[in-house]
Every structure is written in C-alpha cells, then in structure tokens.
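This report is for a reader who wants the fold, the packing and the surface of one chain described together with the cut-offs behind each term.

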Amino acid sequence: TGLGMDISEELEQRLMVLELLVGVLKTGATLVTISDGITSISAGMISRLPMLLMRSCELSAYIYVWEHYRQIELPWDSAWTWWFSFLGVDFCYYWVHRFSHEVSFLWASHQVHHSSEYYNLTTALRQSLTQQFTSWIFYIPMALIIPPAIFAVHIQFNLLYQFWIHTELIRDLGPLEWVFNTPKHHRVHHGRNSYCIDKNYAGILIIWDRMFGTFALESDKVVYGLVFPIRTFDILYVQLYYYLGLWKKSSRYKSISYKLLTFFNGPSWRPGKPRLGDHSKNPRVSMGDVRKQNPLACTTNCSLQ
C-alpha cells in the first residue's frame, strides 16, 4: 500500500507539471494561480493527517464485519469477483458523494473540495480534513461479500481515477462520455451555474447519475466554486468555517426538530422549503465571472442563463 501511494503521488506530480506546460502552450497563461494552487496542495497535505488514525479504523471495521458477518465468500482469484467489486465500490462512492452534497453536516466537510474558483489538477488535491471520519461507513455493506484485500485495491483505484478528470484541457472524449466520468462531466459537478448544482456525482462510471436522475451535460460555460464564494485562501478557515455557520444557523431556531434538520437536510434548506432547499435565490453567474476565472473561457459555448 505504501508503494502504491508513492507511485500515485509521483504520477500526480508529473501530471500537474504536464498540465501546467500544456496550458501555457495552449493559452499563453498558466491554469494555476500561486495562491489557489498552494491552498489546494496544502489542503491535500493536511487531509492526509487523519488517515494516520482513520485508515486503520476503516480497515479494522471492514475486516471485523467480514470476519463475523459475511454472507458469502466470493473467490479472490475470480475475474467476476474483481469486476463485481469494481462496480460495488463505484456504486458506494456515488452515494457517499451524493449524501455529501445533500446532508449539511457532510457538506460541511466536502465543501472544501468545491471551494476553489479554478479547475485544474491541483483542485483534485483540495480535500477535506474531516470527510474521512464518515465516508468509510458507506462502504461497510461491501464487507458482507467482498474480501478486504480486493476492497482495498478498488478503493484506491477509484480515488486515483478521479485525479485526472480535474482539468479543462480535455474537452470531449466522444463515446466514452456515455459510460465513464470524464473531465467534461466533472466540470459540471464543480460548477455554480444553476444547471450544475447537485449533478454528476460519479466516481468512475457516469451510468449511476444517468440511472438516478442526477446527470447534466456541460452546456453554458461552467463557473467554478461555491454558490457563495468564501474569498479567502486561509486553509484552516476553508476547512472549518462551514461547521460554525451550521451551528449559528441552527441556533436561530427554537424548535428542536428545526435545529436537527439544519444538520441533516440540504445546505440551502429553510423551514417550509423542500429537504434539499430552494436554489432559486442563488446568485447568478455572469460573463465577468467566466473571464476572471478561466483563460479557456471561450473555447466552448459561453452563453449564460
């Protein structure tokens, strides 16, 4: 596992340098700003600290369920087991990701990844300090049938795949767009345009979004970042500010049920609104937002709602 992590980190570094060089050749400008890039890389570094504890807890919990509660034991040397595990991990990731957007206290951690107003390979490293404390729970049902060693391989592969899709240099991959999550699909997920909100949760396979009604095609030029941008590069503030905001929001309500729903409903929920809230009052993006964020702004459809 350590060797695999070293290889993936070296690959990520080389891809970031390659993206930087290709971006300069293609646009005459860098796709990464120093302040935003440093913030993203710093977030990636500190997000690894809890793994000193959580990786062992995650695997211990998985192994415990496997040892005591597994229903069947799929053969580790069967190709069908490996393909089934691939689909299972990716399916679980879809729901981890979707819940991270639809449940406020989970969004409090995941919003870190969406806080950059740029979209490049360094954005992939902008990860949460706290998300791993809850995300592993969604994978525990797999321990009923999938051996721990196979699960460990696929969870790492799923994460590694998602690194390369954080780029604007790859525009369209043709027929592959129907099945796989690609940079084109994931750009939508990182957008704050109205058509981008809560869309394209996929890890590797975009088929889950197509099946569950959360798929959206890239159309109007994507403007990246949070609906309400935080306008800071302070890494600790980026990591923790939303928790304080949730606490302040809940304290405004006298009803215990409203206080709890503040944490368990969607981020834009208010009393009297649907569970996921009402996005009609979100700030509208402008062409000025597009030009400010992205030197590739006019290489695709630039019309805005």
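## Basis of the model

The model is predicted, so that local features need pLDDT of at least 70 and side-chain atom pairs count only at pLDDT 80 or more, while totals for chains, interfaces and linings use all residues. Residues are numbered from 1 along each chain as its sequence is written, and side-chain values use heavy atoms, with hydrogens and water left out.

## Overall fold

The chain holds 13 helices and zero strands, where helices (H or I, at least four residues) and strands (E, at least two) are DSSP runs numbered from the N terminus. Of its 305 residues, 48% are buried; buried means under 20% relative accessible area, exposed means over 50%, and partly exposed lies in between (1.4 Å probe, protein chains only). Among contacts (heavy atoms within 4.5 Å) between residues at least 6 apart in sequence, 72% join residues at least 24 apart.

## Nonpolar cores

A nonpolar core is a set of buried Ala, Val, Leu, Ile, Met, Phe, Trp, Tyr and Cys residues joined through side-chain atoms within 4.5 Å. The largest has 16 residues, of which Tyr62, Val89, Tyr139, Met142, Ile146 and Phe151 touch the most other members. Helices α3 (51-69), α4 (79-102) and α8 each supply at least two residues of this core. A second, separate core of nine residues includes Trp107, Ala108, Leu226 and Tyr241.

Not counting residues up to four places away in sequence, Met142 touches Tyr62, Ser85, Gly88, Val89, Cys92 and Phe151. His154 lies in helix α8 and counts as buried, at 10% relative accessibility; with neighbours within four places left aside, His154 is in contact with Trp82, Ser85, Phe86 and Val89.

## Annotated spans

An unreviewed UniProt entry carries the annotation "transmembrane region" for residues 136-157 and 222-244, and such annotations may be inferred rather than shown by experiment. In the model, the end C-alpha atoms of residues 136-157 lie 15 Å apart, with 45% helix and 0% strand in the span, whereas those of residues 222-244 lie 29 Å apart, with 43% helix and 0% strand.

## Surface

The chain exposes about 15500 Å², of which carbon and sulfur atoms supply 69%; accessible areas come from the Shrake-Rupley method with a 1.4 Å probe, and for residues only the protein chains shown count as cover. Val179, in the loop between α8 (148-161) and α9 (183-189), is partly exposed, with a relative accessible area of 36%.
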